[in-house]
Amino acid sequence: MIFIGFLLISGIFFVFAHFAGGVDYFINLDSFVIPLLGCFLFALFTFNIKAFGRGIKTAFMFSKKDFVKDPEVQKLYKALIFISLAIGVCSAFQGIICGILFNWRNGVEFPLTVVFSFASFTVVYGLMYAAFLFYPVYLMHKE
């Protein structure tokens, strides 16, 4: 049920991006994947991959009947909220620096507004994952 809510909220963003000038600008595949991959790797390398999987099951759960709160999942997903945001911000800074250096090195002048716009997508996706996917799973398992 949490995942359906995430998809609905994301759909609202996509619809309004379409009306604002083009949804194809909002769908930035690498920015979409980077925070998810970083959170998965964080769970993998902190030996919490089983708790990560139980949290994913919670996101796709439709009945609270068989639900059992798990403090390990709660702690991991609280950390994933911050990891998702941190990866988004770090990737945005990396994108801004790469865009500026690309302009300087190649003599091609992309306006800084374009560089900042594309670099900020990772922050947007990191916020979306943190607020609408990881935080609800955290709340479900919170004691």
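Reply: Let us begin with Thr-58, which is buried, with a relative accessible area of 5%. The cut-off behind that word is a relative accessible area under 20%. Please keep in mind that the model is predicted.

Me: Where is Thr-58 placed, and with which residues is Thr-58 in contact beyond its neighbours within four places in sequence?

Reply: Thr-58 lies in helix H4. Leaving aside neighbours within four places in sequence, its contacts are Ile-2, Phe-67, Val-137, Met-140 and His-141.

Me: How many helices and strands does the protein chain hold?

Reply: The protein chain has six helices and zero strands. Read from the N terminus, the order of its elements is α-α-α-α-α-α. Along the principal axes, the C-alpha atoms fill a box of roughly 60 × 35 × 20 Å. Of the 143 residues in the chain, 33% are buried.

Me: What share of the contacts with a separation of 6 or more joins residues 24 or more positions apart?

Reply: Such pairs account for 78% of those contacts in the protein chain.

Me: How should I read a nonpolar core, and which residues have the most contacts inside the largest one here?

Reply: The general idea is that in soluble globular proteins, nonpolar side chains tend to be buried together. In this model, the largest nonpolar core has 23 residues, and those with the most contacts inside it are Leu-76, Tyr-77, Leu-80, Leu-133 and Phe-134. Two or more residues of this core come from each of helix H1 (2-20), helix H3 (29-45), helix H4 (49-59), helix H5 (71-106) and helix H6 (112-141). H6 gives the most, with nine residues.

Me: Which residues does Tyr-77 touch, not counting those up to four places away in sequence?

Reply: Tyr-77 touches Ala-51, Phe-52, Gly-55, Ile-56, Phe-134, Val-137 and Tyr-138.

Me: How is an aromatic pair described, and how many does the structure hold?

Reply: A pair of aromatic rings is described by the distance of the centres and the angle of the planes. The structure holds eleven aromatic pairs. One of them joins Phe-32 and Tyr-129, with 5.8 Å from centre to centre and 65° between the planes. The pair is edge-to-face because its angle is over 60 degrees. It links distant parts of the chain, with Phe-32 in helix H3 and Tyr-129 in helix H6, 97 residues apart.

Me: Are the two partners buried or exposed, wholly or in part?

Reply: Phe-32 counts as partly exposed, because its relative accessibility is 31%. Tyr-129 counts as buried, because its relative accessibility is 1%. Both rings also belong to one aromatic cluster, formed by Phe-3, Phe-6, Phe-32, Phe-60, Tyr-125 and Tyr-129.

Me: At what angle do the axes of H3 and H6 cross?

Reply: The axes of H3 and H6 cross at roughly 50° and come within 8 Å. H3 and H6 are therefore oblique to each other. Their crossing is right-handed. On the H3 side, the residues that meet H6 are Ser-31, Phe-32, Ile-34, Pro-35, Leu-36 and Cys-39. Their counterparts in H6 are Phe-118, Phe-121, Thr-122, Tyr-125, Gly-126, Tyr-129 and Phe-134.

Me: How far apart are the C-alpha atoms of Phe-102 and Pro-35?

Reply: These C-alpha atoms are separated by 23 Å, and the two residues are 67 residues apart along the chain. Phe-102 is in helix H5 and is partly exposed, with a relative accessible area of 38%. Leaving aside neighbours within four places in sequence, Phe-102 is in contact with Gly-107, Val-108 and Phe-110.

Me: What is the C-alpha to C-alpha distance between Leu-139 and Ile-2?

Reply: Leu-139 and Ile-2 are 11 Å apart in space, C-alpha to C-alpha, and 137 residues apart in sequence. Leu-139 is found in helix H6 and is partly exposed, with a relative accessible area of 41%.

Me: Finally, where is Phe-47 placed, and what is its phi value near?

Reply: Phe-47 is in the loop between H3 and H4. Its phi is near 60°, a positive value in a residue other than glycine. Phe-47 counts as exposed, because its relative accessibility is 75%.

Notes:
Residues are numbered from 1 along each chain as its sequence is written. This is a predicted model: local features need pLDDT of at least 70, side-chain atom pairs count only at pLDDT 80 or more; totals for chains, interfaces and linings use all residues. Side-chain values use heavy atoms; hydrogens and water are left out. A nonpolar core is a set of buried Ala, Val, Leu, Ile, Met, Phe, Trp, Tyr and Cys residues joined through side-chain atoms within 4.5 Å. Buried means under 20% relative accessible area, exposed over 50%, partly exposed in between (1.4 Å probe, protein chains only). Helices (H or I, at least four residues) and strands (E, at least two) are DSSP runs, numbered from the N terminus. Contact means heavy atoms within 4.5 Å. Rings of Phe, Tyr and Trp (its six-membered ring) pair if their centres lie within 6.5 Å; planes under 30 degrees apart count as stacked, over 60 as edge-to-face and the rest as tilted. Axes are lines fitted to C-alpha atoms, for helices over the stretch in contact, and angles run from 0 to 180 degrees between N-to-C directions. Angles under 35 degrees count as roughly parallel, over 145 as roughly antiparallel, 65 to 115 as roughly perpendicular and the rest as oblique. A crossing is left-handed if the near helix is turned anticlockwise from the far one by less than a right angle, and right-handed if clockwise.
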